[in-house]
Amino acid sequence: MLLVIQDRSFAGDNELSFISRDMGTIGFLGDRVLVNGQPDAAREVATRPYRLRILNGSNSRIYKLAWSDSRPVTVLGTGGGLLGAPHHYPFVTLAPGQRIDLWVDLSANEPGEELHLISDAYEAGVMANVMGGPDLSAGARIPLLALRVTQRVRTNERLPPRLAEDLQAPPVGRDTPVRRFNLIGAFAINGRQFEGTTVADDEIVHLGRTEIWEFVNDSMMPHPMHVHGLQFAVVDRRQVGGRRSWAGLAAGLVDAGLLDTVLVLPGERVRVALTFTDFEGLYLYHCHNMEHGDNGMMRYYRVRS
């Protein structure tokens, strides 16, 4: 089951309404949440397991994916493919641009019952007052998808203990160089904003080399950081200051497997390991909150042999 989640706003004769002045640099939040372009999404299902492949296609909204009956959320894979084994979470935090594969087993449900995929409520601090409207502000509880059990079937499908061979994470040792990226100020990375194809000396990497990139978020907003041209592994996540808000999302962060986008919450330092394989050239790295990127939180790095 493929699901693309996006929040949008509509006006007049259902034309799209993009942004208001107070959201211009914070991030757009719509007043309707659509699944595969449809409001109030629902699917008829049977008493069997399902695999849900979900993309957060929103500009800036972070979803706290949970089940309405509080069952654990079982993760099969991320943007880099299947995990080595299933992982279980109380909920899953999904930032813009991130993908997740979930398993849900409806074998114990009865025809006529419904299970709802929701974005559960969380505390977004002061940003909740300026992002979105009163009903769908940042951190609001949002119904996403109704699974309506309409058919009883017999099946022997079970969640396998192993899913795939472990994906090869970039090799990291004591001498692996660490490159630091400070996320602070007016939507800048290391004090710099987008300058076309301009690349600073500390944004040049070497083909075939493995590095650790360290993202440090000293701002009041979460930043989903996306690196083009490769996939990486999260090797460390820790709090480096008093977290100002958004702490209710931490237990659902999925750092397993290979990723190309990692959410860095306020007051966090996240380290990822990357190997620059295959090609020389220019590649983007940026915040996947679209308004943050549009306002300058995007840079090029150069791969050089």
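Strand β18 (residues 233–239) pairs with β20 in the antiparallel sense, over six bridges. This is a predicted model. Strand β20 itself covers residues 268–275.

- Seven of the eight residues of β20 are buried, so the strand is largely enclosed by the rest of the structure.
- Buried here means under 20% relative accessible area.
- In the pairing of β18 with β20, Gln 239 stands opposite Glu 268.
- Strand β16 (residues 210–217) also pairs with β20. This pairing is antiparallel too, and it runs over seven bridges.
- Val 216 has Arg 269 of β20 as its bridge partner.

**Arg 71 and its surroundings**

- Arg 71 sits in the loop that links β6 (63–67) and β7 (73–78).
- Its side chain makes a polar contact of 2.9 Å with the side chain of Asp 69.
- The side chain of Arg 71 also reaches a backbone atom: the oxygen of Asp 105, at 2.9 Å.
- Leaving out residues up to four places away in sequence, Arg 71 touches Val 104, Asp 105, Leu 106, Asn 109 and Leu 115.

**Gly 281 in strand β21**

- Gly 281 belongs to strand β21 (residues 281–287).
- Which residues does Gly 281 touch, not counting those up to four places away in sequence? They are Tyr 301, Arg 302 and Val 303.
- Gly 281 and Val 178 are 103 residues apart along the chain. Their C-alpha atoms are separated by 21 Å.

- Most residues other than glycine have a negative phi.
- Asn 190 is not a glycine, yet its phi is positive, at about 55°.
- Asn 190 is found in the loop between β14 (188–189) and β15 (204–206).
- Is Asn 190 buried, partly exposed or exposed? Its relative accessibility is 24%, so it counts as partly exposed.
- Asp 278 also has a positive phi, near 80°, and is a residue other than glycine.
- Asp 278 lies in the loop between β20 and β21.
- Asp 278 has a relative accessible area of 62%, so it is exposed. The cut-off for exposed is over 50%.

Conventions: Residues are numbered from 1 along each chain as its sequence is written. This is a predicted model: local features need pLDDT of at least 70, side-chain atom pairs count only at pLDDT 80 or more; totals for chains, interfaces and linings use all residues. Side-chain values use heavy atoms; hydrogens and water are left out. Buried means under 20% relative accessible area, exposed over 50%, partly exposed in between (1.4 Å probe, protein chains only). Helices (H or I, at least four residues) and strands (E, at least two) are DSSP runs, numbered from the N terminus. Two strands pair if DSSP finds at least two bridges between them. A polar contact is a pair of N or O atoms within 3.5 Å; within protein, one must be able to donate a hydrogen and the other to accept it, and residues adjacent in sequence count only if both atoms are side-chain atoms. Contact means heavy atoms within 4.5 Å.
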